[in-house]
Amino acid sequence: SYALTSCSSSDDQISENLQNGSLTLKFDHIFNDSDLIFNSPYTTAAGEKVHIEQVKYIISNIVLTKEDGTEFVLPKELSNFVITEVNGSTSNITLANIPQANYTAVTFGLGIDESTYNQGGSNQGDFLAVAQNAAMLWSWSAGYKFFSMEGYFFTQDVNTTQSFKIHTGKTGTAYNYSTITLNFTDLAFVRTERTPQVHIMVDLSKVFEGAHTISLSDQAQIMGGDKVSQVTANLKNMFKVHHLHNF
């Protein structure tokens with residue numbers, strides 16, 4: 001097959017890159033057990049009906065754990081992504097130049113870590129422009145938006161709708177960056193001829209429940225203060241590996 005013949009090469013063509021492979025992370029957004037469809041009604045833990053119109057978040061500092069327990073740390077500058085929900089489809093990122101090995105887990109940050117942010121705007125590389133274009137930056141002094149979800153909800157009076165915004169990031173002295181580790185359901189075999197696909201379910205109902213129950217009736221514009229830290233604590237439980245394919 002092409003996959004088998006294409007990875008053979010003469011000795012003088014072999015380079016470090018050719019000994020490496022790729023791995024794809026597929027982010028599939030749901031609400032409880034339902035596919036996420038924009039403007040469809042979903043019930044939160046607080047009993048409110050939410051209609052989601054936008055979901056975006058930053059993934060950074062990706063680390064892959066090998067079967068022997070050692071880790072491969074992706075270069076920081078190649079490890080920042082904005083995940084954007086496009087109605088009803090998965091959001092995929094492919095990590096290139098991954099050493100051939102069997103991998104058991106992935107670790108990533110939700111947001112941009114504080115030490116990177118503290119290096120200043122001129123040291124953010126291309127990602128500062130990426131974040132600006134994706135509207136994932138408040139301003140340089142205010143910092144990045146780590147997670148952004150917007151839409152509207154029905155209040156107790158079901159005839160009344162109200163818009164909501166949930167933006168997490170640095171607020172006051174709380175930086176609100178999270179590190180998340182997900183174990184794979186099977187070994188991911190990264191080879192020159194194989195690119196595993198790791199299917200991650202992202203359950204947005206967890207935004208509203210977990211360490212804290214979030215009621216939009218109490219505060220519909222969550223973009224600062226203690227509520228941001230409460231949402232951040234909930235977001236850690238939003239991600240779960242559902243399955244993977246070793247293609």
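Ala-135 is partly exposed, because its relative accessible area is 41%, and partly exposed means between 20% (buried is under that) and 50% (exposed is over that), with a 1.4 Å probe and protein chains only. Before going on: this is a predicted model, where local features need pLDDT of at least 70, side-chain atom pairs count only at pLDDT 80 or more, and totals for chains, interfaces and linings use all residues. Residues are numbered from 1 along each chain as its sequence is written, and side-chain values use heavy atoms, leaving out hydrogens and water.

Ala-135 sits in the loop between helix H3 (127-133) and strand S9 (137-139). Helices (H or I, at least four residues) and strands (E, at least two) are DSSP runs, numbered from the N terminus. The phi of Ala-135 is positive, near 60°. Most residues other than glycine have a negative phi.

Asn-39 also has a positive phi, about 70°, and is not a glycine. Asn-39 lies in the loop between strand S2 (34-35) and strand S3 (41-43). Asn-39 counts as partly exposed because its relative accessibility is 38%.

Now the core. A nonpolar core is a set of buried Ala, Val, Leu, Ile, Met, Phe, Trp, Tyr and Cys residues joined through side-chain atoms within 4.5 Å. Which residues touch the most other members of the largest one? They are Leu-204 and Phe-239, out of 53 residues. Strand S4 (residues 49-66) gives the most to this core, seven residues. A second, separate core has 12 residues, including Ile-112 and Met-136.
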